Amino acid sequence: MALEIPFTFPLKNGMHARPASRFQDVAGAYRSSITFVNRQTGARANGKSTLSLVASVTRQGDPCALIIEGEDEEEARQGMQRFLTDEFPGCDEDLVIPQAPGSPRSLPRALRGENLRIERGIAASGGIARAPAVLLSRRAPGPPPGGWPKGTADDEVARVLAAVRDAQASMRARMDSAPRGVEHDILRAHLSIASDPEFAGSVEETLRLKHCSAGEALLETARRYGETLSASGSVYLRERVLDIEDVTARLIAALYGVPDAGAHVQVTDDAVCVAESLAPSDFIALDRRHVRALVLSQGGVTSHTAILARAFAIPCVTGIPGIHRTVRRAEDLIVDADRALVILSPPERVGRFYDRESRKLALMRASLERHANLPGVSSDGKRLEIAANAASPEEVGAAFAGGAEGVGLFRTEMLFMGKEELPGEEEQYAVYAEVAKCASGRPVIIRTFDIGGDKPLPSLRIPPEENPFLGYRAIRLYAEYPALINAQLRAILRASALGNLKVMFPMVCSLHEVRAMKKLILELMKDLDAEGAAFNRQIPVGIMVEIPSVAFILDQLCREVDFFSIGSNDLTQYFLAVDRANRNVASLYTPFHPSFLRLLKQIIDGVHRHGKWIGLCGEMGGNPLAAPLFLGYGIDEISLSPSLIPAVKDVVRRCRVPDCEALLSSVMEMEDPEGVETALKDHAASLRGSALITEDIVRLSSQSASKDEAIRELVDMLHADGRVDDPDAVEDAVWLREETYPTGMGYGVAIPHCKSPGVTVNSIAVLKLDAPVFWKMPDQDPVQFLILITIAASAKGDEHLKIIAGLARRLVHEEFRQQLMDAAGPGTIVDLLEH
Amino acid sequence: MVGNESEKGDAMKLVAVTACPTGIAHTYMAAEQLEKTAKKHGHAIKVETQGSMGIENELTQEEIDGADLAIFAVGIPVRNIERFAKIRVLEMPVQDAIKNPESIFAKLG
């Protein structure tokens with residue numbers, strides 16, 4: 001009798017190639033037939049076929065069911081049920097979709113005016129680039145010269161199957177050479193289309209029914225799937241048509257020996273590639289070193305080509321109908337994907353604008369990076385180690401390059417997830433050894449596997465639990481799986497010979513768990529000694545602080561362990577009894593609850609009283625608002641997502657410890673999290689601009705050759721210094737003011753000014769031009785010395801306004817203007833204007 | 001203290017209002033310029049600024065009524081203008097007060 005599992009379709013982007021291929025993998029392990037039924041649309045799909053699943057055109061929220069029938073149906077039902085609850089909802093990675101194309105933003109001043117050829121589209125991957133155009137034509141696969149050769153139906157079927165096998169082999173080879181990540185995943189999705197039993201079945205059926213050639217049958221099948229997907233209501237599914245066409249084109253190329261479409265494309269010099277649309281495999285085939293940008297007339301931001309462009313940080317603008325016909329071969333193009341536009345044959349002044357724009361952005365990036373590599377230390381010299389959370393050697397390498405001072409949490413679950421066979425000691429050793437080498441002496445905390453709870457592992461066959469977060473997970477599993485934990489600890493110990501590794505156990509709630517693990521480590525060390533293997537006998541052993549009980553036995557635990565790391569996510573939800581994934585109570589989940597802040601204080605002080613080291617590795621660590629609290633606590637380290645390191649370090653380096661201590665004491669006395677957050681925001685604002693002017697926004701030599709350029713340069717100086725976050729809006733506000741009447745005040749001085757929401761920090765910027773420019777009308781009022789005053793729209797408090805009013809009054813006096821004009825350096829200007 | 005109006009060049013008692021669209025700079029520059037130039041010519045002046053910090057150095061009805069002349073150096077309408085119903089007003093764009101204050105005082109005679 002058939003078994004049925006009803007469920008609601010959970011994935012935001014519908015049933016697309018990636019989750020479908022994982023579904024196929026899991027369903028394929030059972031002998032029973034597994035049919036996927038979409039009760040909303042009535043579509044039925046073979047659960048062991050990616051294509052058939054994708055073609056079911058299922059969207060989030062659709063009522064669905066699996067119907068399972070066959071000899072192992074009970075086992076299959078349990079397995080599929082587990083898959084559907086535990087793994088499938090996580091199969092859909094969030095699509096990072098750049099800003100939706102809402103109302104087109106107004107262009108910066110330099111891009112207005114006549115005779116500019118600007119095409120606006122949708123940004124699929126940000127950035128700015130300029131290069132000559134290379135036009136890529138995508139040929140629809142068609143018959144080879146001389147028409148489709150045709151054999152008997154059996155011959156043709158055999159040819160198709162052989163071509164599929166070849167294509168699979170070549171895709172596998174490319175997957176092996178492709179680095180892990182998006183490219184790898186996309187090849188995998190294509191491989192699953194090529195391996196799809198429904199696809200091959202459908203081709204064979206067409207061949208036998210229509211007595212046509214293999215090529216025609218392939219095209220016919222692709223067309224049918226394409227139609228189904230194109231008719232779907234989901235943009236994401238419509239964009240998958242390209243994937244199927246891509247695979248079909250490759251199979252036809254292989255069958256008839258015609259070269260792959262992508263092989264025609266040669267980009268040997270820097271170029272902006274322009275095409276009607278571009279198949280992912282064509283994109284992969286391009287020499288990416290020379291692809292400065294991508295411009296497409298069709299295709300959305302979720303196509304695999306767009307995803308690849310983002311993965312490789314190549315600017316990409318799509319959705320400009322007909323652009324592949326408008327652009328001439330080798331035409332000079334500027335692609336400004338940040339503003340979602342392309343400029344054809346830009347005139348010189350636009351070129352100058354973008355030269356400056358690119359230079360500014362490069363500077364801003366460099367300053368963030370320079371910043372990122374400074375040590376984590378407060379402005380008054382208190383050390384706070386800023387480490388990274390990571391899960392692979394690649395991430396560890398990138399984290400150190402991005403300013404991490406250690407790895408505060410190396411998660412090992414990923415080594416276990418999504419694998420048919422669990423990793424053995426050698427595989428793990430290779431990873432940990434690589435990590436230790438990457439770290440070159442800097443500390444790395446490796447956490448033993450935390451499986452169960454929100455990270456189930458199908459191969460361990462842990463029965464589904466009512467309440468997995470309070471259940472069988474992490475260290476609680478180790479006794480049942482000695483082989484797994486032994487292999488992991490042996491791998492960590494051996495790798496400890498190569499670097500500064502520490503080992504940390506998750507989900508510890510009592511002393512005996514720690515003792516059991518320490519005993520195990522000693523036994524494993526004995527074995528390694530006997531084998532003559534090298535390891536660090538003094539490897540520090542620590543535990544996660546996630547379960548509140550730990551806070552009350554710190555004295556006992558400090559006798560057994562060397563260090564602690566607070567897992568703030570789990571600790572928050574266990575302490576406040578809030579499941580953050582439960583929408584009804586998620587608003588109660590916050591690490592800024594005064595009770596939680598007091599708990600942290602108790603834990604950190606408790607550990608330090610016993611002379612031990614303590615860090616924190618939850619999401620709270622990556623919140624720049626919380627950084628002053630950590631200095632207040634005096635915690636030894638925080639470990640965060642690598643991308644957040646520059647911002648958090650920036651805050652830490654601005655803070656003073658006595659201020660942080662006072663802030664912490666005051667927020668612990670507050671009555672609700674909202675009050676805490678407001679206090680933290682106020683503190684953050686006070687760290688930013690207290691100074692109206694610094695030497696960084698005074699420039700005494702400029703080649704700006706017009707009023708337009710000079711004003712833009714001043715606004716850009718403020719943007720680069722983090723004082724303006726929307727330079728185009730601020731530029732507009734300044735010009736609006738100029739149009740009321742120009743701000744030239746005679747004597748070669750002008751004081752453009754504005755109040756705008758694009759201003760984050762009230763500022764006074766100064767620019768002295770090498771040659772004067774006309775301010776009002778030609779031949780009138782040449783200006784050489786500019787003082788730009790920008791006020792935030794939300795500016796409260798009159799302190800800055802008073803200073804500016806005072807400055808305005810002083811500018812009326814000639815002696816003062818003369819002092820400014822004669823100033824020898826930016827320092828003198830700052831002194832003159834500041835007081 | 002009231003100057004003798006009949007004699008050209010004699011000290012006068014003046015009140016003024018300065019205001020500009022953003023209220024950030026020109027309001028204050030004009031105020032400074034008027035104060036500076038009035039002083040040079042020996043006139044007494046009190047300048048009310050209507051700028052980004054609101055109304056400052058506010059003129060009382062008494063002060064206005066006791067003055068010989070009011071100067072408006074403004075780019076936007078003057079607030080509380082009813083106070084000036086009974087006094088002669090000399091009005092000009094705010095930038096004129098900044099650039100050519102002398103020409104204002106030349107007219108006073």
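**A:Gly147 is partly exposed, with a relative accessibility of 31%.** In this predicted model, local features are taken from residues with pLDDT of at least 70 and side-chain atom pairs count only at pLDDT 80 or more, whereas totals for chains, interfaces and linings use all residues. Residues are numbered from 1 along each chain as its sequence is written, chains are lettered from A and ligands numbered from 1 in the order in which they are written, and side-chain values use heavy atoms, with hydrogens and water left out. Throughout these legends, buried stands for under 20% relative accessible area, exposed for over 50%, and partly exposed for the range in between, with a 1.4 Å probe and protein chains only. A:Gly147 belongs to the loop that runs between S7 and helix H4 (153-177) of chain A; helices (H or I, at least four residues) and strands (E, at least two) are DSSP runs numbered from the N terminus. Between A:Gly147 and A:Ile451, which are 304 residues apart along the chain, the C-alpha atoms are separated by 57 Å.

**The domains of chain A, with the separation of domain 1 and domain 5.** Chain A is assigned domain 1 (3-90), domain 2 (109-139 + 264-364), domain 3 (153-261), domain 4 (377-687) and domain 5 (695-834), with bounds that come from an automatic or database domain assignment. The C-alpha centres of domain 1 and domain 5 of chain A are 63 Å apart.

**A salt bridge joins the side chains of A:Glu739 and A:Arg109.** The N to O distance in this pair is 3.9 Å, a salt bridge being a side-chain nitrogen of Lys or Arg within 4 Å of a carboxyl oxygen of Asp or Glu. The two partners connect distant parts of the chain, 630 residues apart, with A:Glu739 in helix H26 (residues 727-740) and A:Arg109 in the loop between helix H3 (73-87) and strand S5 (117-120) of chain A. A:Glu739 is exposed at a relative accessible area of 54%, while A:Arg109, at 22%, is partly exposed. Over all chains, the whole structure holds 54 salt bridges.

**A:Asp332 and A:Arg130 form a salt bridge between two strands of chain A.** Here the N to O distance is 2.6 Å. The pair brings together distant parts of the chain, 202 residues apart, since A:Asp332 is in strand S11 and A:Arg130 in strand S7 (residues 128-136) of chain A. A:Asp332 is partly exposed at 26% relative accessibility, and A:Arg130 is likewise partly exposed, with a relative accessible area of 39%.

A:Asp450 and A:Arg473 are each buried.

**A:Ala340 and B:Asn80 have positive phi values without being glycine.** For A:Ala340, phi is near 55°, and this residue sits in the loop between strand S11 (332-336) and strand S12 (341-344) of chain A. A:Ala340 is buried, at 13% relative accessibility. For B:Asn80, phi is also near 55°, in the loop between strand S4 (69-74) and strand S5 (89-92) of chain B. B:Asn80 is partly exposed, at 33% relative accessibility.

**A:Glu695, A:Asp696, A:Asp831 and A:Glu834 form a negative surface patch.** Patch residues have over 30% relative accessible area and no salt bridge, with like charges joined within 9 Å, and nonpolar side chains (Val, Leu, Ile, Met, Phe, Trp, Tyr) within 5 Å. A:Glu695 is in the loop between helix H24 (673-687) and strand S21 (698-702) of chain A, and is partly exposed with a relative accessible area of 49%.

**A:Val749 and A:Arg817 are 8.0 Å apart in space, C-alpha to C-alpha.** In sequence, A:Val749 and A:Arg817 are separated by 68 residues. A:Val749 is part of strand S22 (residues 749-750) of chain A and is buried, at 2% relative accessibility.

Notes. Accessible areas come from the Shrake-Rupley method with a 1.4 Å probe; for residues, only the protein chains shown count as cover. Lys and Arg count as positive and Asp and Glu as negative; His and the chain ends are not counted. The place of a charge is taken as NZ of Lys, CZ of Arg, CG of Asp or CD of Glu.
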